[in-house]
Amino acid sequence: MATEVRDRPAAQVLVATKKRRGARARAAYPYWFYLPAFAIFFVFFLVPTATSFFYSLTRWTLFDYQFIGLDNFRAFFSEPELTRGLTNTLIYAVVTSGTKVVLGMLLAVLLTSSVIGRSFMRSTVFFPVLVSTIGVGLTFTILMQPDIGLIDRALGVVGIQGPAWLVDPHYALLSVALVDIWKGVGLATVIYIAGIVSIPREFYDAAEVDGSSPLQTFRYITLPLARPATTTVIILSLIGGLRSFDLIWAMTRGGPGFTSDVIASVIYKQYQAGFYGLSTAGNVVLFLLVTAIVLPLFTFLNRRTVDL
């Protein structure tokens with residue numbers, strides 16, 4: 001091979017070398033477009049994440065810090081009020097995400113059928129998604145006032161004694177979860193509508209020819225073929241539920257007592273009290289919790305295949 005290269009004229013060798021370099025440059029050219037995105041990801045995600053992990057091991061202020069190891073995490077898990085926020089976060093996320101999946105699918109099936117007023121109902125279902133979360137929280141705080149709130153008054157008309165939605169410790173977290181579901185189910189419905197509409201019509205025509213009932217069509221065609229939409233709704237709603245703060249803070253501020261506190265509200269309260277290291281440790285716990293739940297679940301859901 002070396003003999004052949006030496007036997008070639010110098011001009012041919014130079015041209016071949018330039019061609020190889022040009023091919024390598026063209027192959028690497030598209031990757032340069034990743035550089036701005038990587039720079040943004042590095043500055044706004046990797047650096048803050050690494051900094052948070054470091055400061056979670058310290059007792060810090062704006063001007064100084066002291067390394068204390070894992071003391072912040074020990075304090076976080078040793079306080080009953082803090083661990084209750086962790087439990088409430090899991091309950092809140094499971095209730096809201098599970099309900100959004102079920103209601104979103106049912107509403108999407110209804111709104112992709114030949115029901116009268118379909119376009120208007122689609123707009124109505126999606127409208128709460130566009131409203132400010134704080135505005136929704138303040139509005140429902142007034143509506144859920146015991147005795148004088150519109151919801152309890154409406155229940156009283158039909159002879160039902162409404163509960164103290166946001167005052168009773170047994171109902172506070174569930175009440176906020178119901179409002180979250182009302183606000184977020186529209187997005188789940190839109191995602192499911194997109195998934196159902198993308199299913200080829202031939203499957204439904206074949207099911208109709210075979211005499212399948214609507215329930216069988218839903219079970220064997222719509223449900224499995226809309227699985228990508230289901231995965232999206234589960235992941236998005238679960239992440240939103242685990243990170244929820246604004247609605248809970250607007251409606252209950254974690255009360256009464258600590259009964260409706262979630263990790264995010266606990267973090268905010270610790271920050272307000274000046275325990276910056278402890279609040280940073282809470283942020284790390286929340287980050288690890290979301291990662292530990294969402295990544296395996298996402299992998300599991302995407303490994304499932306549809307057999308037709």
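Me: Where does proline 256 lie, that is, in the loop between which helices?

Reply: In this model, which is a predicted one, proline 256 sits in the loop that runs between helix H13 (246-251) and helix H14 (263-272). The peptide bond leading from glycine 255 to proline 256 is cis, its omega being near -5°. Most peptide bonds, by contrast, are trans.

Me: What is the phi of arginine 253, and where is the place of this residue?

Reply: Arginine 253 has a positive phi of about 55°, although it is not a glycine, and its place is in the loop between H13 and H14. As a general rule, most residues other than glycine have a negative phi. Just after H14, glycine 274 also takes a positive phi, of about 90°.

Me: Which residues of H14 are buried, and what do they pack against?

Reply: Ile263, Ala264, Ser265, Val266, Ile267 and Gln270 of H14 are buried, a word that requires a relative accessible area under 20%. The buried residues of H14 pack against helix H4 (71-78), helix H5 (80-111), H13 and helix H15 (276-303). For the chain as a whole, buried residues make up 34% of the 308 residues, and the chain holds 15 helices and two strands.

Me: Why are H9 and H12 called roughly antiparallel?

Reply: The axes of helix H9 (residues 172-197) and helix H12 (residues 227-242) cross at roughly 165° and come within 9 Å. Angles over 145 degrees count as roughly antiparallel, and H9 and H12 are therefore roughly antiparallel to each other. The crossing of H9 and H12 is right-handed. On the side of H9, the contact is made by Ala188, Ile191, Tyr192 and Gly195, while H12 brings Ala229, Thr230, Thr232, Val233 and Leu236. By class, the residues of this contact between H9 and H12 divide into six nonpolar, three polar and no charged.

Me: What makes H7 and H9 oblique to each other?

Reply: Helix H7 (residues 133-143) and H9 pack at an angle of about 135°, with their axes 11 Å apart. The ranges set aside for other names are under 35 degrees, 65 to 115 degrees and over 145 degrees, with the rest counting as oblique, and H7 and H9 are therefore oblique to each other. The crossing of H7 and H9 is right-handed. Thr133, Val136 and Phe140 of H7 make the contact with Val179, Trp182 and Lys183 of H9. By class, the contact of H7 with H9 has four nonpolar residues, one polar and one charged.

Me: How do you know that aspartate 71 forms a salt bridge with arginine 74?

Reply: The closest N and O atoms of aspartate 71 and arginine 74 are 2.7 Å apart, and a salt bridge asks for a side-chain nitrogen of Lys or Arg within 4 Å of a carboxyl oxygen of Asp or Glu, so the pair qualifies as a salt bridge. The two residues are three apart in helix H4, which separates aspartate 71 and arginine 74 by about one helical turn. Aspartate 71 has a relative accessible area of 37% and is partly exposed, whereas arginine 74, at 54%, counts as exposed, the cut-off for that word being over 50%.

Me: What links lysine 100 to aspartate 180, and are these residues buried or exposed?

Reply: Their side chains meet in a salt bridge, lysine 100 and aspartate 180 being 2.8 Å apart from N to O. The pair links distant parts of the chain, with lysine 100 in helix H5 and aspartate 180 in helix H9, 80 residues apart. Lysine 100 is buried, and aspartate 180 is buried as well.

Me: Why does arginine 201 count as exposed, and which residue does it pair with?

Reply: Arginine 201 has 53% relative accessibility and therefore counts as exposed, as exposed means over 50%. Arginine 201 forms a salt bridge with aspartate 205, their closest N and O atoms being 3.5 Å apart. Both residues lie in helix H10 (residues 201-209), four residues apart, about one turn of the helix. Aspartate 205, with a relative accessible area of 35%, is partly exposed.

Definitions and conventions:
Residues numbered from 1 in each chain as written. Predicted model: local features only at pLDDT ≥ 70, side-chain atom pairs only at ≥ 80, totals over all residues. Heavy atoms only, no water. Axes fitted to C-alpha atoms, helices over the stretch in contact; angles between N-to-C directions. Left-handed = near helix turned anticlockwise from the far one by under 90°. Contact = heavy atoms within 4.5 Å. Nonpolar A, V, L, I, M, F, W, Y, C, P; charged D, E, K, R; others polar. Buried < 20%, exposed > 50% of the residue type's maximum accessible area, 1.4 Å probe, protein only.
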